[in-house]
Amino acid sequence: MSKFIFITGGVVSSLGKGLSSAAIGHLLESRGMTITFLKLDPYINVDPGTMNPYQHGEVYVTDDGAETDLDLGHYERFTTVQLSRENNCTTGRIYESVIQKERKGEYLGATVQVVPHITDAIKQAIMNVAHDVDVVIVEIGGTVGDIESLPFLEAIRQMPYDIGRENVLYIHLTLVLYISTAGELKTKPTQHSVNKLREIGIQPHILLCRTDRYLPPGVKDKIAMFCNVEKDSVITAKDVESIYEVPVVLRKEGLDELIVRLLKLETGPPNLREWDKLVQKIKRPRHEVTIALVGKYVESRESYKSLSEALVHGGLRDETNVKIQWVESGEIERNGPERLLADVDGVLIPGGFGLRGIEGKVEAIRYVREKKLPFFGICLGMQCAVIEIARHLAGLDAANSSEFNADTPHAVIDLLPEQRSILDKGGTMRLGAFPCTLVPETLASKAYEQSDIHERHRHRYEFNNDYRDALTSKGLIISGMSPDGNLVEIIELQGHPWFVGTQFHPEFHSRLCSPHPLFTAFIGAALQRKFGT
């Protein structure tokens, strides 16, 4: 029987339930435990794939092609687990499955209700991931008190009755405010949040108190008394310089020891030595480079969460802090790239959808090509690089993607011929991990140090092979292809020190303990550009 840890949040959203879940997973793995995760999201969308990045942030893609919540990225970056579509479940997916069963008559004419049918479906989703692991960590999205999350909370309330109280642990993340004018830490929001959870029927075993300072013993005692928990179960979840310090802080507070004791887990001692070394490299870098991230959604930094973390990982080899300069591509359209990109050491152009800001990305690529700045284009960034090369090197002035201009005479980026007749655009998305064969002696092959790779995709349009000869004759290098030679996966540029575009999203495979080789090579090129070494 697996053990289950349920993590809820109160007072306000964005307290860090995802990072706390990931950190707990890391601490348990460091003790030799096998783990997995489940994120239960209360929104009615079936998945976040069609949601606005400004509202939801990044869509994280798993190897099996699931479009999931960005917290799954935290889970994978902090641990060794590889997640799938089973590890993220929404209200929309739960209701969809229940309604489909009702339409097929599987409930034998019963009145379908939230309890037991919806809650049973939620509990089944929880049990579906509990295969051959010691601990399942389940994060409940939203905030206690939201009407949307009530079915999920009711479902996890029932779990001890189904599998035994000794197999269930409730952890509640809450906020302890410091009021500077009063010079006091205020515990009342935490008390109200826990009371709300207890009204639902859940008594938390452990409280993670998000705050900007370590809680003194007196404050912990007060929280313990009013929230009906043991004194050593009040844990300071202190603000940190780097998110990768979270496991270290929680370890110092004794969280992992507490979890092991309460769940009666048999584990070895924790081993955080290598993790600590990497955290120190992040906190005490020897160098710094500035990378311009030219995107469409830069006002919402969560839209590029995996990218920003992959850049951090990429600087580890050379002990380099990567300072991100966020540049709105529309601003380049209005003011040109010269002022915005003049003082950076490299430029990264990420993925995205839609026409807005595209010409700004193309202009930024022309600038870095002519100035020989290190360039990394990902998904849409690669496609914009193909457009720029077609227009300004191959003389195809009207070159474009058919996504942005259906009437362009030179659709250098287009749907594949077999996709053009599909009316359901979801049927043309390439999602998940696909193989790629690298061309020897290219920047990509030197970075990977191997010839065959698998990377995660999330896109609809592809490089148009009708223009392969025209563009390669002008300096475009195709350095990565699908094994059948039909799909262009990686491009480079002859004569440029570091110019790489990938149709896939390498950031989804980057980890603190195993940085993605393309990000490491990109930051190395930016460092070389800055110092001329």
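Beyond its neighbours within four places in sequence, T187 is in contact with V219, K222 and I223. The model is predicted.

**T187**

- T187 sits in the loop between strand 9 (184-186) and helix 7 (188-200).
- Its relative accessible area is 4%, under the 20% cut-off, so T187 is buried.
- One of its contacts is I223. T187 and I223 are 36 residues apart in sequence, yet their C-alpha atoms are 6.6 Å apart in space.

**T290**

- T290 belongs to strand 12 (residues 287-295).
- T290 counts as buried because its relative accessibility is 13%.
- Setting aside neighbours within four places in sequence, T290 contacts K323, Q325, V344, D345 and G346.
- How far apart are T290 and N465 in space, C-alpha to C-alpha? They are 35 Å apart in space and 175 residues apart in sequence.

**Helix 4**

- Helix 4 covers residues 91-103, 13 residues in total.
- At 1.5 Å a residue, helix 4 should span 18 Å.
- Which residues of helix 4 are buried? They are T91, G92, I94 and V98.
- Viewed down the axis of helix 4, these buried residues fall within an arc of 160°, so they line one face of the helix.
- The cover over the buried residues of helix 4 includes strand 2 (35-41) and strand 5 (88-90). Helix 5 and helix 6 are also among the covering elements.
- G105 follows helix 4, with a positive phi near 80°.

**Helix 5**

- Helix 5 has 15 residues, which should span 21 Å at 1.5 Å a residue. Its end C-alpha atoms are 20 Å apart, which agrees.
- The buried residues of helix 5 are H117, I118, T119, A121, I122, K123, A125 and I126. The charged residue K123 is among them.
- Strands 1, 2, 5 and 6 are among the elements that cover these buried residues. Helix 4 and helix 6 are included as well.

**Packing of helix 5 and helix 6**

- The axes of helix 5 (residues 114-128) and helix 6 (residues 150-163) come within 9 Å. They cross at roughly 70°.
- That angle is in the range 65 to 115 degrees, so helix 5 and helix 6 are roughly perpendicular to each other.
- Helix 5 contributes V114, V115, I118, T119, I122, K123, I126 and M127 to the contact.
- Helix 6 contributes P151, F152, E154, A155, I156, Q158, M159 and D162.
- By class, the contact has 11 nonpolar, 2 polar and 3 charged residues.
- I118, T119, I122, K123 and I126 from the helix 5 side of this contact are also among the buried residues of helix 5.

- E148 lies in the loop between strand 6 and helix 6.
- Not counting residues up to four places away in sequence, E148 touches P42 and T91. T91 is one of the buried residues of helix 4.
- E148 and D41 are 107 residues apart along the chain, and their C-alpha atoms are separated by 9.1 Å.

- Most residues other than glycine have a negative phi, and most peptide bonds are trans.
- The peptide bond between V115 and P116 is cis, with omega about 20°. P116 is placed in helix 5, and V115 takes part in the contact with helix 6.
- V11 is not a glycine, yet its phi is positive, near 75°.
- V11 is in the loop between strand 1 (3-9) and helix 1 (17-29). Its relative accessible area is 35%, so V11 is partly exposed.
- D132 is another residue that is not a glycine and has a positive phi, about 55°.
- Where is D132 found? It is in the loop between helix 5 and strand 6 (135-140).
- D132 counts as exposed because its relative accessibility is 78%.

Notes
Residues numbered from 1 in each chain as written. Predicted model: local features only at pLDDT ≥ 70, side-chain atom pairs only at ≥ 80, totals over all residues. Heavy atoms only, no water. Axes fitted to C-alpha atoms, helices over the stretch in contact; angles between N-to-C directions. Helix = DSSP H or I, 4+ residues; strand = E, 2+ residues; numbered from the N terminus. Parallel < 35°, antiparallel > 145°, perpendicular 65-115°, else oblique. Contact = heavy atoms within 4.5 Å. Buried < 20%, exposed > 50% of the residue type's maximum accessible area, 1.4 Å probe, protein only. Expected span 1.5 Å × (residues − 1). Arc of directions from axis to C-beta.
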